[in-house]
Amino acid sequence: MHIPSVIPEGWEADDIIGTLSKQAEKEGYKVFMVTPDKDFGQLVSENIFMYRPARMGNGIEIRGIPEVQKRFGVERPDQVIDYLGMMGDASDNIPGFPGVGDKTAKKFIEQFGSLEGLLENTDQLKGKMKEKIIENAELGRLSKKLATICTDCDVTFNAEDYELSVPDSEAVQKIFEELEFRRLKEQFIKIFSGEEETTETQVTSTETAQKIAASAGSGQFSLFGGDGASPATIKNTSSRNTIADVPHAYQSVAPGMAMKLFLQNLMKQSSVCFDTETTSINPLEAELVGIAFSWESTKGFYIPFPEEREKAKELIEELRPFFESKDIEKIGQNLKYDIKVLDKYNIKVQGKFFDTMLAHYLINPDMRHNMDVLSETYLNYTPISITELIGKKGKNQLSMREVPPDKQTEYAVEDADITFQLAQHFRPELAEAKTDDLFADIEIPLLKVLADMELEGINLDIEFLKSLSKDLENDIANLEQKIYQAAGEEFNIGSPKQLGEILFDKMKLVDKPKKTKTGQYSTAEDVLSYLAKTMK
Amino acid sequence: MQTVAATGRLSSNNPNLQNIPIRTERGRQVRKAFVPRNDDYTLLAADYSQIELRIIAALSEENTMIEAFKNGEDIHASTASKVFNVPIEEVTREQRSNAKTVNFGIIYGVSAFGLSNQTDLSRSEAKELIDTYYKTYPKLRNYISEQVDFARENGYVQTVLGRRRYLKDINGSNAVVRGAAERNAVNAPIQGSAADIIKIAMINIHKKLTEGGYTSKMLLQVHDELVFDIYKPELEELKGIIKSEMENAYKLAVPLDVELGMGENWLVAH
């Protein structure tokens, strides 16, 4: 990506970022520190900002002076150090004063200005708090020292290094592919190809310094500097094939003569892959939009279905002999779905089955079994993406019915074709792992059993569930109140972070609480049940 | 869902039936909501009793345990009597409960630490209990190390029907990851064999129900249990068929045992 990495011996990354930011500021740059770490609040100035990347469904956040003032209840950003020194920071192993949390730290800062100010004025404190602060004065001073990010380490800011240059796209994509970073790779191509808007670009680096062009008042900056140079076009250099690379014959079958010929041909086959396209992923409410067939690699047919239910039913009748034929093997990816959809049209699919998803479940149970992954892994071929066809999940997502017919044909027949090819690939692999009997004698027959069970469903006592739900609501409300009482404040019990702080910072239930990878207190079930057992 | 759990077990979503709570009375109430289609029907729940322990006893050829199962003994009391060295009729509730925890824990590769968390035992008591347990059932311990060895050599382990689970971390250098793979080397064949057996039973019962023209239906498979909606006139006949198909689904050195329950909802039937 051509992002400079600066690794001088003996310095922490935080200190390097601190130093470079301050140096860059002096040279007249606006600096964005890309980090979610709240400690960096102390470095924020008029020209230095925190750029907190989007996390857990929250968007990005830019923190300048006003945001830091608000978040930490401070007047000047450097007071964040005093705040952290008082309260401590579990994730950085900064102890802080025992018994001082977010609220108290903010109060002290408002009252005394700094940690030193607090220590000089302990006579104004009362009771237990006074004792604790005096007793732990040294610990406080040490904490402040630990919380301070150094801004004079042994590095020099060189503006040229931080100019964003065109990444070595081939090398980057190769690495992403190797690491199976599919999403990241897609985004990379999108962002750097220059074809898409770059409104929500996320540049991941430890630090990005960027001179803001005088004209860019909106706060939006061009990735390639505002000098009007057109971005080099970056192409998808994936070594995988797509529909564009492979010659194929995917045909839509028109009613009448074409259909007649197709059916004649279909019934002569001994093994056929089929795939239904529908309006829903729930088979019980899915309506047929079309069915694709393939019995030869890179070739296949698509039968579009009319929206009107009666006409759709007439059309499916023409295909009934195929589906109910005991002599023709049916290949599919997740056949149970297709069987359930067709059952709603009163078609009972029969004959031998070969389900590529089930086959792969036996070949490699720990891997994912969706068709796109299987295709990329075993056929070195990236299928047309469904989101490209119908858009992302949400209310703007199209129904398959709204996709233009020629696109439907390409997409649907490609699925059937790939599944057919996967089946050819998996047959010998099943035999090699000696799981072909397990496949034929257990998993495949079970598929039909499960389809029947799922179509049957089970009767539910709705009234009873409603009253149970009400009882549970009451119980939960009561428990919540009990918890708030024990904690002495209201908080979000569902937040592991807040719960951890209540149990271990405020109530101090354990001396050395266990922490998670991210430095938060662990509130895993085993931790909590152990607590419950020992606190009785 | 037939392809989610890597062990070979079935799973479900919308709703996830495995998640329906069973540990508390309140949680169990949810099962009350599952009812027969109408008054002519009753729910029947058929549950394999201790299928995983029976499988590990059979696969390890641990005769002491096999005999206990063959004699229809209370397996946890039998284990308690042996590890605490008291006659079976003098086993206390606590001893039985601790023995039960170890019995199940062994399948999941429980550590002394884990065991002391789940019981009232201290860590050293827990360690002692595990040591005594292995002394009582030496073949079980052999079986466990054989499984790990097999995995190291072949890169996978397998169930009674040859369902494989690949354990790529079994020879890894990270002790935590390797430990997990070692526990899986023991657990996967047991879980997976239980899955194999219950799947055979489902296929055979489904066939009997269809070919016999019964109106009763098989509805659910959860944990080691099958749930049926039984047309009352068919009840007696089907009780026999279901129990026999389940118990004879696969021949092990240990008899399989299935408990049946009937009722106007799943809670009562279970």
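Tutor: In this predicted model, chain A and chain B bury about 3,400 Å² between them, and carbon and sulfur atoms give 60% of that area.

Student: Which three residues supply more than any other three of the area that chain A buries against chain B?

Tutor: Y361(A), M453(A) and I458(A). Together they supply 18% of it.

Student: How many residues are in contact?

Tutor: 38 residues of chain A touch 41 residues of chain B.

Student: Why is the pair K199(B) and E443(A) called a salt bridge?

Tutor: The cut-off is 4 Å between a side-chain nitrogen of Lys or Arg and a carboxyl oxygen of Asp or Glu. Here the N to O distance is 2.7 Å. That is within 4 Å, so the pair qualifies.

Student: What makes strand 11 of chain A and strand 1 of chain B a pair?

Tutor: Pairing needs at least two bridges. These strands have 2 bridges, so they pair. They run antiparallel.

Student: Which residue is the bridge partner of L460(A) in strand 1 of chain B?

Tutor: F34(B) is the partner of L460(A).

Technical notes
Residues numbered from 1 in each chain as written. Chains lettered and ligands numbered in written order. Predicted model: local features only at pLDDT ≥ 70, side-chain atom pairs only at ≥ 80, totals over all residues. Heavy atoms only, no water. Contact = heavy atoms within 4.5 Å. Buried area = accessible area lost by both parts, 1.4 Å probe. Helix = DSSP H or I, 4+ residues; strand = E, 2+ residues; numbered from the N terminus.
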